Amino acid sequence: MEEFVKTGKTVCILINKQGGIYYSNIGKDVAEKCLEDIHIFDHLPADGTVSYNVGYYTVTADTVDLDEAHYYLILIQPQGNLYKYAYRDSFTGLYNRNYWEQLISGVLHRPIPKRFTLIVIDVDNLKSLNDNRGHLAGDKAIRIVGQSIRESIRKQDIAIRYGGDEFFILLANTKKAIVEKVINRIKENIRKRGKKENIYIEISAGAACSDCTCEIGKIIAIADSKMYKEKAGKKVKARQITDELLELKQKIETVRDELKNKVIWKPNRSVDKELMEVNIKLENLIKKHLKDAQ
């Protein structure tokens, strides 16, 4: 499709309700590849027109009636104008909040499955990354999370960057045990990518299934609540670690004071110097762990 964009040519494809190509100005085989590249069957409107961006292209899908039959007119153009409906988050490559809202409102041709699980994900330490390593590190973390989500789910699943550091994943017909595996797979992929990029990223996740309630708003609230419960549990654990480190610090200081007293009673310059070096190392180590645990 790139050759048409370079020449500024508009690609025009007419498909029927079943997805068969009725007309194309670029040939059937090339048209089929174009439709696959732009994920058109995820965006077909139930009625009216939708427009969205894919890479450097702007795609418009319109419902038309010809010879008493219903068709979709697909136009693919080099980006020049911004349209009201842009369904891709350019930062992560996932769908964006606008796509989610259009999806749940029934505007899109793609229906929500009757039985599904919603996963809500939030980045725990984004603020810390922005404050301590700069916003470029925070941006990198968001991209890594998006990439990890994409490679951890199936083609039929829907991944959305809902806003900021919050992500939604819609899994169709998925059992609870599989949902846990998906979440763990995402976390593991984030860990691996983060290690490769020399950046530590921590996420919290919560899930709710459509069996709980038929209202999407309540499903979001349940998943959100579980996500915050996991996040709160981490904070409690961090405080416990901090308390343990403080107790350890006190014990080390007690032992250090005892050693100092022994040195005073039996002075030895080499031993005293060595002891002071050990003290400094211990104090720096304790300070570092206390800072990391906060």
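**Exercise 1.** In this predicted model, determine which residue lies over the face of Phe-91, and which ring the charged end of Arg-88 sits over.

*Solution.* Arg-143 lies over the face of Phe-91, at 4.1 Å from the ring centre. The charged end of Arg-88 sits over the ring of Tyr-95, with 4.1 Å to the centre of that ring.

**Exercise 2.** State how many aromatic pairs the model contains, and classify the pair of Tyr-87 and Tyr-99.

*Solution.* Ring centres must lie within 6.5 Å for a pair; by this rule, the count is 6 aromatic pairs. For Tyr-87 and Tyr-99, the ring centres are 5.4 Å apart and the planes stand at 75°. Planes over 60 degrees apart count as edge-to-face, and therefore this pair is edge-to-face. The pair links distant parts of the chain, 12 residues apart: Tyr-87 belongs to the loop between strand S5 (69–78) and strand S6 (95–96), and Tyr-99 to helix H3 (residues 97–105).

**Exercise 3.** Decide whether Tyr-87 and Tyr-99 are buried or exposed.

*Solution.* Buried means under 20% relative accessible area. Tyr-87 has 0% relative accessibility and so counts as buried. Tyr-99 also has 0%, and therefore counts as buried.

**Exercise 4.** Classify the aromatic pair of Tyr-162 and Phe-168.

*Solution.* The centres are 4.3 Å apart, with 20° between the planes. Planes under 30 degrees apart count as stacked, and the pair is accordingly stacked. Both Tyr-162 and Phe-168 are buried.

**Exercise 5.** Identify the residues that form one aromatic cluster with Tyr-52.

*Solution.* Tyr-87, Tyr-95 and Tyr-99 form this cluster together with Tyr-52.

Note on methods:
Residues are numbered from 1 along each chain as its sequence is written. This is a predicted model: local features need pLDDT of at least 70, side-chain atom pairs count only at pLDDT 80 or more; totals for chains, interfaces and linings use all residues. Side-chain values use heavy atoms; hydrogens and water are left out. Helices (H or I, at least four residues) and strands (E, at least two) are DSSP runs, numbered from the N terminus. Buried means under 20% relative accessible area, exposed over 50%, partly exposed in between (1.4 Å probe, protein chains only). A charge sits over a ring if NZ of Lys or CZ of Arg is within 6 Å of the ring centre and within 35 degrees of the ring normal.
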